[in-house]
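Reader: Could you walk me through this one? I'm still learning how to read a structure.
Author: Of course; please take a look, and then ask away.

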Amino acid sequence: MAKISASLLSADFGYLADSIKAAENAGVDEFHFDVMDGHFVPNLTFGPPILEAVKRHATLPIDVHVMERSPEVMIPVLASAGGDIITVHIEGVADIDQTIDIILEAGAQPAVAIRPRTPVSALWPVADRIRRVLVMTVEPGFGGQDFLPDTLPKISEALSMMQTIHSDNPFEIAVDGGIKSATIAPTLNAGATTFISGSSIFSHPQGVQKGVATLREKLATANSRPLREA
Ligand code: DX5
Ligand code: ZN
């Protein structure tokens, strides 16, 4: 079943609790919390105190997308502030195995992300230790950017890597960046299972309910299309 993860980066921070409730009522499956440090990406967002506030209002799991250089020290803090899944960038850490150990010791589920220019092959050494891969479909750093179509083959490649390594075990291929009504179906067809979306949910002109419903409709239509279309 396809999962929709609502990226709080596009929520109205003055009314965060309301945005969280609206997204939950609209039927999202998870929240996505983008931590940026101004070094790994040219932007700063929020950290543990805001995550604690989100956790107080959210009933759904929270995926913390850590866009930090050397995030090792912050990982336990982010996990205890409410991160259920901690997604780290393979480009941002010195030793990915050690970083995964830190996430597991902190009691969170590890996931590993790659930037658009990082090949899927970089994930092979750790693929057996994770159940979720995040293929960035924009350069990380900002919401509201255009989806990069060049990333589509990477989604399929990540899918076949995880199928090879995990065979019967469940796993997820997440996509993040520019996921909206026009781009969600191609990512599903390429093999994505988890769709992280910010602006198409929280900045939808007809509201959060409509934003989520539109994404779900696109996923349902893509699913019902015969596999081998003439
Ligand atoms: C970008 C973030 C995304 C962002 C996506 O670096 O990682 O999670 O919120 O926003 P949209 O869906 O607007 O592209
Ligand atoms: Zn993100």
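## Helix packing

Reader: Is the crossing of H2 and H3 left-handed or right-handed?
Author: The crossing of H2 and H3 is right-handed, where right-handed means that the near helix is turned clockwise from the far one by less than a right angle, and left-handed anticlockwise. This is a predicted model, in which local features need pLDDT of at least 70, side-chain atom pairs count only at pLDDT 80 or more, and totals for chains, interfaces and linings use all residues. Residues are numbered from 1 along each chain as its sequence is written, chains are lettered from A and ligands numbered from 1 in the order in which they are written, and side-chain values use heavy atoms, without hydrogens and water.

Reader: Where are H2 and H3, and at what angle do they cross?
Author: Helix H2 covers residues 48-57 and helix H3 residues 74-81, and their axes (lines fitted to C-alpha atoms over the stretch in contact, with angles from 0 to 180 degrees between N-to-C directions) come within 8 Å and cross at roughly 25 degrees. Therefore H2 and H3 are roughly parallel to each other; angles under 35 degrees count as roughly parallel, over 145 as roughly antiparallel, 65 to 115 as roughly perpendicular and the rest as oblique.

Reader: Which residues meet there?
Author: From H2, Pro48, Leu51, Glu52 and Lys55 meet Met74, Val77, Leu78 and Ala81 of H3, with contact meaning heavy atoms within 4.5 Å. By class, this contact has 6 nonpolar, no polar and 2 charged residues.

Reader: New topic: how does H1 pack with H2?
Author: Helix H1, residues 16-25, packs against H2 at about 45 degrees, with the axes 9 Å apart, which means that H1 is oblique to H2. H1 passes H2 in a right-handed crossing.

Reader: And which residues touch in that pair?
Author: Leu16, Ala17, Ile20 and Lys21 of H1 meet Ile50, Val54 and His57 of H2.

Note on methods
Helix = DSSP H or I, 4+ residues; strand = E, 2+ residues; numbered from the N terminus. Nonpolar A, V, L, I, M, F, W, Y, C, P; charged D, E, K, R; others polar.
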